[in-house]
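Subject: Structure handover

Hello,

Here is the structure for you to take over. Please open it first, then read the notes below.

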Amino acid sequence: MQSAIGKVYKFGDNVDTDVIIPARYLNSSDPKELAQHCMEDIDAEFVHKVQKGDIIVANKNFGCGSSREHAPIAIKAAGVSCVIAETFARIFYRNAINIGLPIIECPEAVSGIKEGDEVEVDFDSGIITNKTTGASYQGQPFPEFMQKIIDCGGLVNYINAK
Amino acid sequence: MGMTMTQKILAAHAGLPSVQAGQLIEADLDLVLGNDITSPVAIHEIEKMKVDHVFHRDKIALVMDHFIPNKDIKSAEHCKCVREFACANEITNYFDVGEMGIEHALLPEKGLVVAGDVVIGADSHTCTYGALGAFSTGVGSTDMAAGMATGKAWFKVPAAIKFQIVGKPAKCISGKDVILHIIGMIGVDGALYQSMEFMGEGLKYLSMDDRFTIANMAIEAGGKNGIFPVDEITEAYMKEHSKRDYKIYEPDEDAEYVAEYTVDLSELAPVVAFPHLPENTKSVEEAKGVKIDQVVIGSCTNGRLSDLRIAAEILEGKHVAKNVRTIVIPATQKIYLEAMEKGYIKTFIEAGAIVSTPTCGPCLGGYMGVLAAGERCISTTNRNFVGRMGHVDSEVYLASPAVAAASAITGVISDPREI
Ligand code: SF4
């Protein structure tokens with residue numbers, strides 16, 4: 001069973017790729033370097049606080065804006081194990097799957113989880129458990145085809161396996 | 001059940017008689033696009049794939065436009081990586097300094113996209129080519145790599161929203177006002193995962209440049225793509241720019257739309273989107289008087305010849321306000337040259353603006369017009385997110401070239417109808 005467990009950092013609506021990784025850092029595509037500036041323009045302290053395994057929880061349209069794959073790469077390289085949101089912008093959604101950053105849509109979980117809560121996500125079942133409050137939520141599991149890409153460890157391996 | 005324009009194009013490229021919203025399909029690609037930011041990541045990924053060569057050397061376009069001529073060593077390394085890849089794979093459509101332009105202005109101008117095509121690009125504004133009656137959408141670098149390797153991409157067939165365009169626009173109303181009005185109406189996620197299909201008798205008043213601007217910003221409403229039907233205006237454009245055969249897809253009478261909106265062009269006033277989202281729209285009446293430090297006229301949204309003409313007509317014989325840096329960026333070399341021949345460049349320089357070689361530059365806060373804390377810019381670009389053009393405490397207001405040029409003269413956001 002694949003799962004993520006960690007402390008939650010909460011964000012609002014329409015977190016765009018420009019605040020996730022500002023364009024001034026796009027002259028690099030090195031994950032480690034990108035990670036150092038992850039979320040910098042929305043929360044400059046984020047990269048100093050975040051611990052390996054922590055979880056981002058956000059409202060609607062997370063990852064809107066540019067197609068830069070650097071955004072999910074920065075989040076993943078910063079140690080974040082999963083992003084839970086009400087909805088994701090479509091290019092971000094695609095990119096996250098392609099690079100192997102687990103994401104899950106669940107509006108109920110978003111409204112029930114607070115900053116600092118400890119949360120566990122089970123990717124097989126889509127069940128999200130708030131360990132701080134004991135509440136659990138059913139997230140939207142991936143369609144079968146996307147699950148296959150994830151199981152292969154991303155789109156590159158999926159194509160190689162075909 | 002009937003299909004929309006987008007669904008018909010996708011069905012044809014997936015070799016299926018019909019498709020419906022929500023279906024997962026694999027479609028053949030007519031073009032795969034990347035730029036100097038996204039291509040290096042894609043090249044890195046394709047190197048991990050078990051392929052010896054790209055699927056088709058003519059069906060890949062690599063455009064160096066964001067940070068060129070290179071602003072620093074790292075961006076030079078990126079372009080070098082793409083240049084070497086293009087050479088090694090004998091990519092026909094590799095565009096570098098001297099023959100480049102901003103990708104979404106350049107590709108239609110070079111005739112690389114025509115009606116009926118399926119295009120993916122590792123750039124969110126790839127949706128621009130919907131103006132030509134093509135299905136085109138932005139993807140990430142890994143999708144681009146897979147597209148270059150296999151010539152195919154996976155799509156979830158989108159549901160559609162219909163925008164019925166009626167009426168005749170008044171003076172000073174352009175495609176930018178139409179799309180800002182729509183985004184203000186439906187919000188930045190109003191078309192999430194869906195295609196935005198424009199139709200109606202009002203389209204005859206919208207030039208190709210207007211349509212490119214509108215389709216360009218479909219992504220700012222969360223849309224997967226924006227698409228226009230093909231009419232005489234589209235056909236004339238394609239015949240002038242491309243030698244390729246095109247195919248016209250019309251929506252079925254009984255095509256299904258999850259929502260329908262009517263936009264009456266005759267009722268539109270110039271629109272300004274306030275920081276920090278394109279949906280924060282106000283009429284120029286309400287926006288008037290906001291003090292600005294910089295004006296940018298350019299980008300894949302509004303750096304085409306008609307945009308420069310509108311700005312030049314307003315700036316002709318006038319001078320920009322003191323301390324308002326006015327930056328004009330023609331979107332391609334061809335537009336630059338035409339603007340020079342028509343005297344627009346002279347007008348801009350005499351008015352106290354600067355004119356740059358084609359580049360994305362300030363649009364994404366890259367270089368050439370980065371803002372300091374507390375500064376405000378009115379810009380014809382497409383995004384006004386926090387920090388988009390520089391410091392996190394700077395502000396970007398989005399508007400048409402007419403509003404931007406009028407504001408440059410006064411130093412405050414101004415109504416072009418009063419200049
Ligand atoms: S002009 Fe701006 S929005 Fe257009 S491709 Fe360049 S950076 Fe992107």
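First, a term for the element names: helices (H or I, at least four residues) and strands (E, at least two) are DSSP runs, numbered from the N terminus. Pro69(B) lies in the loop between β3 (60-63) and α3 (73-88) of chain B. A cis peptide bond joins Pro69(B) to Ile68(B), with omega about -10°.

Some ground rules. This is a predicted model, where local features need pLDDT of at least 70 and side-chain atom pairs count only at pLDDT 80 or more, while totals for chains, interfaces and linings use all residues. Residues are numbered from 1 along each chain as its sequence is written, chains are lettered from A and ligands numbered from 1 in the order in which they are written, and side-chain values use heavy atoms, with hydrogens and water left out.

**Confidence**

The model scores ipTM 0.90 and pTM 0.94. pLDDT is the predictor's confidence in each residue, from 0 to 100. Chain B averages 97, and 100% of its residues score at least 70. Chain A has a mean of 92, with 99% of its residues at 70 or more. Within chain A, α7(A) has the lowest mean pLDDT of the elements, at 78. Strand β2 (residues 55-58) of chain A has the highest, at 98.

**Backbone**

A cis peptide bond also joins Pro275(B) and His276(B), with omega about 0°. His276(B) sits in the loop between β12 (271-273) and β13 (281-283) of chain B. In chain A, look at Met39(A). Its phi is positive, about 65°, although Met39(A) is not a glycine. The loop between α2 (31-35) and α3 (46-49) of chain A holds Met39(A).

**Cavities and the ligand**

Rolling a probe the size of a water molecule over the atoms shows where empty space is left. The search uses a 1 Å grid over the protein atoms alone. A cavity is a set of points where a 1.4 Å probe fits but cannot get out. A pocket is an open set with protein on both sides within 12 Å along at least five of seven lines. Lining residues have an atom within 4 Å of a point. Grid points are joined across faces, edges and corners, and a volume is the space filled by probe spheres set on the points.

There are 4 cavities of 30 Å³ or more. The largest cavity holds about 220 Å³. It has 22 lining residues, and those closest to its centre are His66(B), Asp123(B), His125(B), Leu364(B) and Arg388(B). By class, the lining has 7 nonpolar, 10 polar and 5 charged residues. Here Ala, Val, Leu, Ile, Met, Phe, Trp, Tyr, Cys and Pro count as nonpolar, Asp, Glu, Lys and Arg as charged, and the others, Gly among them, as polar.

Where is the ligand? The space taken by the ligand is the largest cavity. A molecule sits in a cavity or pocket if more than half of its atoms lie within 2 Å of its grid points. Around the ligand are 13 residues, and His125(B), Cys300(B), Cys360(B), Cys363(B) and Asn382(B) come nearest. A residue counts as near if one of its heavy atoms lies within 4 Å. This shell has 5 nonpolar, 5 polar and 3 charged residues.

The second largest cavity holds about 100 Å³. Its lining has 14 residues, with Cys64(A), Gly65(A), Ala89(A), Ile219(B) and Gly222(B) nearest its centre.

The largest pocket has a volume of about 850 Å³. Of its 42 lining residues, Ser207(B), Asp209(B), Ser306(B), Asp307(B) and Arg309(B) are closest to the centre. α11(B) gives the most to this lining, with 7 residues. The lining divides into 19 nonpolar, 9 polar and 14 charged residues.

The second largest pocket has about 630 Å³. Of its 34 lining residues, Arg94(A), Met146(A), Leu24(B), Phe155(B) and Lys156(B) are closest to its centre. By class, that lining has 20 nonpolar, 5 polar and 9 charged residues.

**Aromatic pairs**

Rings of Phe, Tyr and Trp (its six-membered ring) pair if their centres lie within 6.5 Å; planes under 30 degrees apart count as stacked, over 60 as edge-to-face and the rest as tilted. The whole structure has 13 aromatic pairs over all chains. Phe163(B) and Phe198(B) have ring centres 5.4 Å apart and planes at 25°, so the pair is stacked. Phe163(B) is in strand β8 (residues 160-166) and Phe198(B) in strand β9 (residues 195-199) of chain B, 35 residues apart.

Best wishes
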